[in-house]
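Here is a short tour of charged pairs and annotated positions in one protein model. Have the sequence and the structure open as you read.

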Amino acid sequence: MKKIYYKNHLIKKKWSQVFLKDQNVIDTIVKTINPKKHQKILEIGPGLGALTKQILNIADLDSLILIERDSNLVNRLVQMFNKKINILHQDIMTTNFFDLSHKVGQKLRLIGNLPYNIATELIVYLFQYTNVIYDMHFMFQKEVATRLYANPNKKEYGRLSIITQYHCKVVPLLTIPATSFFPIPKVESMVMRLLPHTNTPYPIVNIGKLSSLTKLAFRQRRKTLRNSLSTFFNETEITQKGINPALRAENITINQYCTLANMLNNK
Ligand SMILES: C[S@@+](CC[C@H](N)C(=O)[O-])C[C@H]1O[C@@H](n2cnc3c(N)ncnc32)[C@H](O)[C@@H]1O
């Protein structure tokens with residue numbers, strides 16, 4: 001396979017290395033994140049420090065944590081930035097955010113141009129840590145981003161929309177053209193803000209039930225609920241909760257899924 005370099009770094013596709021190169025875009029993203037001195041910012045996949053450098057330019061941060069998997073990039077980052085920065089050479093998917101937040105004594109602000117191959121898996125992983133996360137500003141490929149904030153009756157609405165909006169308020173912020181990156185990806189990207197709910201709008205007894213319910217409903221999303229959920233409920237039970245059993249998985253609001261999840265929990 002052809003080797004591609006960026007700033008003398010051999011790009012590793014297996015870790016979705018796509019680097020932000022447009023300085024105006026970098027400035028806009030960082031301005032939108034609006035970092036402040038006493039906040040504890042953690043960047044996922046800093047790469048060659050495009051966002052990192054700009055964050056340090058505009059805010060005299062007390063602390064900044066970087067988590068990067070590629071040892072070559074870690075060495076470059078160590079050379080580039082001073083001791084104030086805590087650079088961790090590790091896999092984000094095994095990082096314990098409770099420990100990190102405990103160490104800095106504060107909730108974390110997470111940011112990053114995420115590795116696209118693990119982006120969805122990663123945010124679901126992060127949802128277990130929402131009580132130690134203040135907010136998240138992430139770049140996603142547009143196709144994933146639109147699924148995060150999709151509402152019922154849209155084709156993008158699915159399990160990812162439900163689980164994300166269950167945990168966070170989702171705010172689309174910026175659309176970023178493919179030409180802002182090297183190498184140029186095939187798709188546009190979006191910067192999103194995810195703000196964990198401090199008071200959940202969706203009181204639910206057992207989140208595991210919401211997960212199994214949506215899995216079942218969306219496995220056959222064209223089927224009506226009376227059919228797709230028949231292993232859990234009969235038609236009368238669905239109707240008693242004020243939900244029309246002739247609707248399909250994509251027509252049901254998160255509130256309604258939570259109602260069904262609570263009913264399932266009581267069975
Ligand atoms: C899309 S690049 C972004 C690079 C840089 N932030 C930028 O915008 O130019 C994703 C970065 O995440 C790193 N990465 C990939 N998988 C990772 C993982 N599991 N844990 C930590 N970092 C990872 C890659 O090595 C790469 O530096």
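Arg221 is partly exposed, with a relative accessible area of 24%; this class sits between buried (under 20% relative accessible area) and exposed (over 50%), using a 1.4 Å probe and protein chains only. Its side chain meets that of Glu250 in a salt bridge, 3.1 Å from N to O. A salt bridge here is a side-chain nitrogen of Lys or Arg within 4 Å of a carboxyl oxygen of Asp or Glu. Because Arg221 lies in the loop between helix H8 (207-219) and helix H9 (225-228), and Glu250 in the loop between helix H10 (235-240) and helix H11 (254-265), the pair ties together parts 29 residues apart in sequence. Glu250 is buried, at 15% relative accessible area. Helices (H or I, at least four residues) and strands (E, at least two) are DSSP runs, numbered from the N terminus.

A word on the source: this is a predicted model, in which local features need pLDDT of at least 70 and side-chain atom pairs count only at pLDDT 80 or more, while totals for chains, interfaces and linings use all residues. Residues are numbered from 1 along each chain as its sequence is written, and side-chain values use heavy atoms, leaving out hydrogens and water.

The whole structure holds 12 salt bridges, among them these:

| Pair | N to O distance |
|---|---|
| Lys12 and Asp70 | 2.8 Å |
| Asp62 and Lys37 | 3.2 Å |

Lys12, in the loop between strand S2 (9-10) and S3, and Asp70, in the loop between strand S5 (63-68) and helix H3 (71-80), are 58 residues apart. Both of these residues are buried. Asp62 and Lys37 are 25 residues apart. Asp62 counts as partly exposed at 32% relative accessibility, and so does Lys37 at 36%. A network of salt bridges links Lys37, Asp60 and Asp62.

Which positions does UniProt mark as "binding site"? The record lists Leu20, Gly45, Glu68, Asp91 and Asn113; its positions follow the numbering used here, feature names are shortened, and annotations may be inferred rather than shown by experiment.

Leu20 belongs to strand S3 (residues 19-20) and is buried, with a relative accessible area of 7%. Leaving aside residues up to four places away in sequence, its contacts include Tyr6, Ala50, Asn113 and Phe181, a contact being heavy atoms within 4.5 Å.

Asp91 sits in the loop between strand S6 (85-89) and helix H4 (97-104).
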